[in-house]
Amino acid sequence: MNNRHFTVMLVDDHPLMRRGIRQLLELNSSFDVVAEANNGTEALAEARRLSPDVILLDLHMKGMSGLDTLKALRNEGIAARILVLTVSDARSDIYAMLDAGADGYLLKDSEPELLLQQIIEGSQGQNVYSRIVRDYLATRGHSANPFQTLTERELDVLQEVARGLSNKEIALALHISEETVKVHIRNFLRKLDVRSRVAATVLWLENKHS
């Protein structure tokens, strides 16, 4: 797995920052930067066209915000690993981006070597966070009802999962692609803090009957 090659898209409205991140990624042969986007609209178009493995997404951009861009990418079923790369360590920003489906939240003032390692780990499937972000998440109060954090579409998919349907059957029932089903499942597993469809189903049934 460590030898896998990852295609990457950079989304940031500062050309100098994009150049710096590109140069950092070029230090590791696993990465191939296939696109750069200056705003959310460009990011959506390039993600549809290229289906990159990894998207490094800035939070504060002119026009379409990073949060709106992230939501749009996830709503379209873009299956890329999306890692937020920003200067903001505000709790509200962190929670909003992670709840919207980000796979990591990294700060731009991180040491380059550490940042590169975290991007590698995030690309390989781990959820990665800068230290202060991890501290905030460790002290975040759990919602009395975690299902309130799920989107309407995530709830739709979870309901079909609870009925015992396969990804293919769910895709047919909801008129979406199997890849989109997988994205929604990954998102609600993270939000519910469970590791399997079975565990999510148990929580869902308990919530319905509570």
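Student: Which handedness does the β-α-β unit of S5, helix H5 (residues 112–123) and S6 have?

Tutor: A word on the source comes before the reply. This is a predicted model, in which local features need pLDDT of at least 70 and side-chain atom pairs count only at pLDDT 80 or more, while totals for chains, interfaces and linings use all residues. Residues are numbered from 1 along each chain as its sequence is written, and side-chain values use heavy atoms, with hydrogens and water left out. A crossover is right-handed if, with the strands pointing away from the viewer, the path from the first strand over the helix to the second runs clockwise. Helices (H or I, at least four residues) and strands (E, at least two) are DSSP runs, numbered from the N terminus. Here S5, H5 and S6 form a left-handed unit, whereas S4, helix H4 (residues 91–99) and S5 form a right-handed one.

Student: Which way do the residues of strand S5 (residues 104–107) point?

Tutor: In a regular strand the side chains alternate between the two faces of the sheet. In S5, Gly 104 and Leu 106 point one way, and Tyr 105 and Leu 107 the other.

Student: Is Glu 154 buried or exposed, and which residues does Glu 154 touch?

Tutor: Glu 154, in helix H7 (residues 152–162), has a relative accessible area of 4% and is therefore buried. Contact means heavy atoms within 4.5 Å. Not counting residues up to four places away in sequence, Glu 154 touches Thr 149, His 184, Asn 187, Phe 188 and Lys 191.

Student: How many helices and strands does the protein chain have?

Tutor: The secondary structure comes to 10 helices and 6 strands. The radius of gyration (over C-alpha atoms) is 17 Å, close to the 17 Å that the globule rule (2.2 Å times the number of residues to the power 0.38) gives for 210 residues, so the chain is as compact as a globular protein of that length.

Notes:
Buried means under 20% relative accessible area, exposed over 50%, partly exposed in between (1.4 Å probe, protein chains only).
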